[in-house]
Amino acid sequence: MTPPRYLLAKYVPDLRRFEPHNIGVIVWSPDALEARFIGEKADAPGVVDGRRAPSFIRDLDAYRGWIQYWREEMKRSFIKTRDGNTVAKTDAAYLQTLAGTGAGKFLLAEAGFLLDEPDSDGVLRLTDYLFGLLVDKQEDTVTEDDAKDVGLDGLCEQLFEQSDLANDPHLIKNYATNCTVGSLTERFEFSFAYKNGSLKRIFQKVPLWTKGNTLLKNIHHPMWMLHRMVEAKTLKRDQCATVVNVDATRIGDLEVRNAVAKLESVGRVINVADWKAAVGEMASLKASH
């Protein structure tokens, strides 16, 4: 069975700065196609209520036009490619073709993977879930306290000391870089990186002590960043890592185990609770580069 995939609709207020905002989500499976966009009326998909549109959208008429255009395309049983061929809505290539319809300040970006398979309520429920998780600004947000795992920052500093990296000029904290895949460029900031001439490794600290949607939000963005860096062929999968702090008392938690498994799907996971292995991992950077 072909697994469901999704697109994120993005709006770029200033093309020179290229700082996109998520404005919608489109979920495809061979049997269904659903979408949700910011500001749409619940009982009239494609109709945007200007009072509910976020302030960062500077041209409301253009926004309405794009949403209507994408909705009209989605009603058809096929989509035309740029060279005039057609792709059926049930074809696995449909979503990629639809992504190519974005332009200028309004873009559709392939997300590449889903966090979970849809449940028995199907694609519509999954669309609502992803919209609330990735787009809707009225949902609960991650606070500054949520964004930090207790003790993880301090443990990383100790890790640098014990692995003789604290004064290494090739270790760069808060490493920022542009990542380009196709026509979409995104600005990512990683917790730290090791760069000796070329970029060798990237690391992202991930808090895993929260629960529910907040835990999913905490892991999704790091997963997306690592996935995109590999997709852009900037680094290989084994050069990307997340850093977590999961001791023996917490690894029995099903949510935590699932979160670690998802992080492992996009790169290596360094668990500072296994201190000896973590020190060895970081010390190997000097030896191998």
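Modeller: Let's start with a pair: Phe203 stands opposite Ala241 in β12. This is a predicted model, where local features need pLDDT of at least 70, side-chain atom pairs count only at pLDDT 80 or more, and totals for chains, interfaces and linings use all residues. Residues are numbered from 1 along each chain as its sequence is written, and side-chain values use heavy atoms, with hydrogens and water left out.

Biologist: How do you know that β11 and β12 pair?

Modeller: Two strands pair if DSSP finds at least two bridges between them. Strand β11 (residues 198-205) and β12 are joined by 4 bridges and run parallel, so they count as paired.

Biologist: What joins β12 to β13?

Modeller: Again 4 bridges, in the parallel sense, with strand β13 covering residues 268-271. Here Thr242 stands opposite Val269.

Biologist: Why is β12 called mostly covered?

Modeller: Buried means under 20% relative accessible area (exposed is over 50%, partly exposed in between; 1.4 Å probe, protein chains only). In β12 (residues 240-244), 5 of 5 residues are buried, so the strand is mostly covered. Cys240, Thr242 and Val244 lie on one side, and Ala241 and Val243 on the other. In a regular strand the side chains alternate between the two faces of the sheet.

Biologist: What makes β12, α6 and β13 a right-handed unit?

Modeller: A crossover is right-handed if, with the strands pointing away from the viewer, the path from the first strand over the helix to the second runs clockwise. The β-α-β unit of β12, helix α6 (residues 254-264) and β13 is right-handed, so its path runs clockwise in that view.

Key
Helix = DSSP H or I, 4+ residues; strand = E, 2+ residues; numbered from the N terminus.
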